Amino acid sequence: MRKLSPAFITVISLIAVSGILFAFYVRSELNTIRTLNAAVAQMDAGNEFTASGVEKDIALLKELFPRSGSTAEFIEGAYVISSKYAIDDIEFNYKDRAFVSLDTGKVLKALPTSGIMPGIIYRDSVKINFTSDYRSIAEFIRELQNLNRLVKIEGLKVQNLKTSLAVEMVVNIYSAEEINAL
């Protein structure tokens, strides 16, 4: 009887291991498909679970995009956050308002005059200047981004002074007049 070569044994072993791994993969995919089929059946039945999920999504959107005119509330919140850390000489300057179309995602400088009001999100830009140390700057920015609304830091400039850091940042604050059902 001939002795099997090590290369042949290695190839057969790799094929066997690949087959076993493929079997586990197929099994997990089948479980995923079964779960999705059950979810679709539940949606078709009009189960209350699906409706409450949509309501939760709408509530989350209303929280992230509060009613327009809440820029002052954001500034008050940012001021309270700044008082928790060693933020000195904080100054807020309102820059401008733009409109983001929900249909196209484009930024509009003014609302259309055609009479048809598209779905829009309001974007207010606020410039914030202050001085502080590195750790306090990081904590301040982290707290701003953890607010219960969509806040995006658009620009951040840091200048090294002798005893501290001077920060200039532009923050975009998003809000909506009314968010209806999806």
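Visitor: How many bridges join β1 to β2, and which way do the two run?
Guide: In this predicted model, 2 bridges join β1 to β2, and the strands run antiparallel. F99 stands opposite L108 in β2.

Visitor: What order do the strands take in the sheet?
Guide: The order is β2-β1-β3-β5-β4. These 5 strands form an open sheet with antiparallel pairing.

Visitor: Which are the edge strands?
Guide: β2 (107-108) and β4 (151-160). Each pairs on one side only.

Visitor: Which helix packs on the sheet, and what does it touch?
Guide: Helix α3, residues 71-84. α3 touches β1, β3 (120-132), β4 and β5 (165-175). The direction of α3 makes about 145° with that of β1.

Visitor: On to β5. Mostly covered or mostly open?
Guide: Mostly covered: 10 of the 11 residues in β5 are buried.

Visitor: How many bridges join β3 to β5?
Guide: 11, with the strands antiparallel.

Visitor: New topic. What is the phi of D89?
Guide: Positive, about 50°, although D89 is not a glycine. Most residues other than glycine have a negative phi.

Visitor: Where does D89 sit?
Guide: In strand β1, residues 88-101.

Visitor: Is that D89 side buried or exposed?
Guide: D89 is exposed, because its relative accessible area is 63% and the cut-off for exposed is over 50%.

How values were computed. Residues numbered from 1 in each chain as written. Predicted model: local features only at pLDDT ≥ 70, side-chain atom pairs only at ≥ 80, totals over all residues. Heavy atoms only, no water. Helix = DSSP H or I, 4+ residues; strand = E, 2+ residues; numbered from the N terminus. Buried < 20%, exposed > 50% of the residue type's maximum accessible area, 1.4 Å probe, protein only. Pairing = 2+ DSSP bridges. Contact = heavy atoms within 4.5 Å. Axes fitted to C-alpha atoms, helices over the stretch in contact; angles between N-to-C directions.
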